[in-house]
Amino acid sequence: MKVLVPVKRVVDANVKVRVKADNTNVDTANLKMALNPFCEIAVEEAVRLKEAGSATEVVVVSIGTKAVQEQLRTAMALGADRAIHIETDEELVPLSIAKLLLAIQQKEQAGLVIFGKQSIDGDNNQTGQMLAALAGMPQATFASELKIDANNATVTREVDGGLQTLTMPLPAVVTVDLRLNEPRYASLPNIMKAKRKPLDVITMADLGVSLKEHQKVLKVTPPSERKAGIMVASVEELIEKLKTEAKVI
Amino acid sequence: MAILVLAEHDNTHLKLDTAKVVSAAKAIGTEIHLLVAGFECAEVVTFAKALDGVSKVLVADAAVYQAQLAENLAALVLTLADDYEHILSAASSVGKDTLPRIAALLDVSQISEVVAVVSNDTFVRPIYAGNALATVQSLDSKKVMTVRSSAFDVAASSGNADVVTLTQVIEAKTAFVSQELTVSARPELGSAGIIVSGGRGMGSSENFALLETLADKLGAAVGASRAAVDAGFVPNDLQVGQTGKIVAPDLYIAVGISGAIQHLAGMKDSKVIVAINKDPEAPIFQVADYGLEADLFEAVPALSNLL
């Protein structure tokens with residue numbers, strides 16, 4: 001079985017972004033970029049499936065400018081076999097991304113598509129579910145445990161209130177949560193090897209998918225600042241303030 | 001055209017989140033229908049029809065809907081979608097699982113975690129872990145969106161809506177195997193007025209008992225940072241943050257939590273934030289209304305004793 005893992009290049013999780021002065025977007029120029037942390041977990045899980053003999057090949061795919069090839073190389077250094085880059089300068093909504101990924105999934109005949117549950121820039125949490133819908137495949141989101149046997153996936157999901165376990169026939173879409181695994185670090189020899197792994201560059205036109213405009217971002221603003229707080233000297237003072245000033249207890 | 005709200009429930013109780021989504025729906029329009037899909041969920045319907053602003057409750061009661069799987073829930077909503085311009089649910093685990101599937105089947109984009117309604121096609125949502133707010137206009141004929149419930153008030157329950165029974169029974173390829181729910185006598189994180197949260201500074205699972213004592217004195221829920229969950233101190237459904245629950249209680253007490261961006265994204269809309277930390281440089285003090293630089297192992301028991 002072939003596993004497809006869509007990955008995204010995002011601003012590094014430890015960087016605090018700022019909104020541009022003209023309120024058109026956040027300013028991402030000259031910021032450190034990285035593989036989205038949830039995508040890293042997805043790649044790790046796919047590679048573990050291959051190591052366990054459940055998967056035959058791990059293909060990573062990313063959509064964006066030429067710069068995303070850096071993240072595709074990272075994914076290959078972590079163990080993915082080859083990469084596909086769909087090159088575009090356009091900012092796409094998750095539905096459009098899902099449509100492009102559907103074309104790739106069909107072409108590759110991937111039996112399992114593993115996504116991160118959300119990207120830490122858009123915070124949408126949509127693409128995996130949308131691909132599953134378009135492909136008519138079952139889905140398991142927020143996975144914290146994944147087992148593949150024969151033609152079925154059994155997935156434990158993190159849901160409000162606890163854990164839920166589902167089983168479904170393949171092909172299926174799984175989106176991963178933080179606790180699924182601990183991604184490995186890429187070793188230097190693997191980084192070198194990844195440079196020689198195949199990376200196909202294609203355009204949106206090659207896929208023959210027609211996309212439309214779904215939404216317009218009118219403005220991007222900073223969140224309202226909290227007013228400065230005060231430091232209290234003792235537990236007594238804290239209780240006093242909460243009772244008389246804030247009136248919350 | 002009418003607005004469809006997907007009810008959040010466990011087949012017995014209607015979640016408070018739904019009453020908040022109804023408030024968000026009221027800001028869009030007036031004809032609000034609630035869909036209750038579940039199994040043996042008559043009790044849920046009793047609560048649902050009393051929600052103010054809801055004119056109709058659609059009930060799909062069948063064994064296939066018991067676990068509220070995205071696969072057939074989305075297919076069920078698709079059979080109803082012609083009558084609605086807006087389809088809403090809470091940004092809960094069921095909502096986040098199901099709504100994108102509905103949106104894709106309708107070939108429309110989804111707007112996630114709406115925190116404010118500007119007009120019937122324009123909404124505000126946080127991006128980059130809450131470090132920016134995007135005002136987004138939908139160009140689609142149907143608007144599918146999840147609502148961040150902490151941003152809206154609870155709709156009152158003095159109404160009496162009509163109940164309509166749906167007969168569509170749609171099977172799913174996905175099968176439910178089991179579930180393991182965390183049992184707690186304390187209020188739910190999402191709806192608690194006060195939350196006491198612990199981080200890595202708590203040191204161990206046993207030390208969380210200190211917070212539980214404090215929480216019981218205050219009638220509060222207990223939460224945790226990702227560091228505390230990853231260290232195995234508490235189960236992951238207590239996690240407050242970008243990747244856990246987003247909360248906005250009246251009072252949030254952060255104990256031994258440094259205040260990483262990912263945690264702040266989950267609680268910075270709380271009305272009053274108290275931070276107890278022994279590191280005066282901890283970023284949590286920048287968002288705290290009241291900060292106490294102290295050893296939590298002295299401060300927390302002292303706080304419990306004085307309440």
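Which residue in S7(B) is the bridge partner of B:Val117? In the predicted model examined here, that position is taken by B:Phe123. The pair belongs to the contact between strand S6 (residues 116-117) of chain B and S7(B), where 2 bridges join the strands in an antiparallel arrangement. The two strands form a hairpin, with 4 residues between S6(B) and S7(B).

Strand S7 of chain B spans residues 122-127 and also pairs with strand S8 (residues 132-138) of chain B. This second pairing is antiparallel and extends over 6 bridges. Within it, B:Val124 stands opposite B:Thr135 of S8(B). S7(B) and S8(B) likewise form a hairpin with 4 residues between them. In the turn of this hairpin, B:Tyr128 has a positive phi of about 50°.

S7(B) is mostly covered, 6 of its 6 residues being buried. In a regular strand, side chains alternate between the two faces of the sheet. Both faces of S7(B) are covered. On one side B:Thr122, B:Val124 and B:Pro126 are buried, and on the other B:Phe123, B:Arg125 and B:Ile127 are buried.

Chain A contains 7 helices and 15 strands. Its C-alpha atoms fill a box of roughly 65 × 45 × 40 Å along the principal axes. Of the 249 residues of chain A, 53% count as buried. Among the contacts in chain A with a separation of 6 or more, 70% are accounted for by residues 24 or more positions apart.

The interface between the two chains was examined next. Contact is made by 78 residues of chain A with 81 residues of chain B. Together the chains bury about 6600 Å² between them, with 56% of this area on carbon and sulfur atoms. A:Asp160, A:Arg179 and A:Arg226 supply 11% of the area that chain A buries against chain B, more than any other three residues.

Polar interactions also span the interface of chain A and chain B, where 44 residue pairs are in polar contact. Several elements of chain A each supply at least two residues of the side that touches chain B, including helix H3 (94-108), helix H4 (127-135), strand S9 (139-149), strand S10 (152-159) and helix H7 (235-245). The largest share of this side, 8 residues, comes from S11(A). By class, the side of chain A that touches chain B has 39 nonpolar, 21 polar and 18 charged residues.

Across the interface there are 5 salt bridges. In a salt bridge between B:Asp107 and A:Lys212, the closest N and O atoms are 3.0 Å apart.

Strand pairing also crosses from one chain to the other. S15(A) pairs with strand S16 (residues 290-293) of chain B in the parallel sense, over 3 bridges. Opposite A:Ile230 stands B:Tyr290 in S16(B).

A further residue of chain B, B:Asp97, lies in helix H4 (residues 93-105) of that chain. B:Asp97 counts as buried because its relative accessibility is 4%, below the 20% cut-off. Leaving aside residues up to four places away in sequence, B:Asp97 touches A:Gln129, A:Gln139, A:Thr141, A:Phe142 and A:Arg157 of chain A, together with B:Ala70 of chain B.

Conventions:
Residues numbered from 1 in each chain as written. Chains lettered and ligands numbered in written order. Predicted model: local features only at pLDDT ≥ 70, side-chain atom pairs only at ≥ 80, totals over all residues. Heavy atoms only, no water. Contact = heavy atoms within 4.5 Å. Buried area = accessible area lost by both parts, 1.4 Å probe. Salt bridge = Lys/Arg side-chain N within 4 Å of Asp/Glu carboxyl O. Polar contact = N/O pair within 3.5 Å; in protein donor to acceptor, adjacent residues only side chain to side chain. Nonpolar A, V, L, I, M, F, W, Y, C, P; charged D, E, K, R; others polar. Pairing = 2+ DSSP bridges. Buried < 20%, exposed > 50% of the residue type's maximum accessible area, 1.4 Å probe, protein only.
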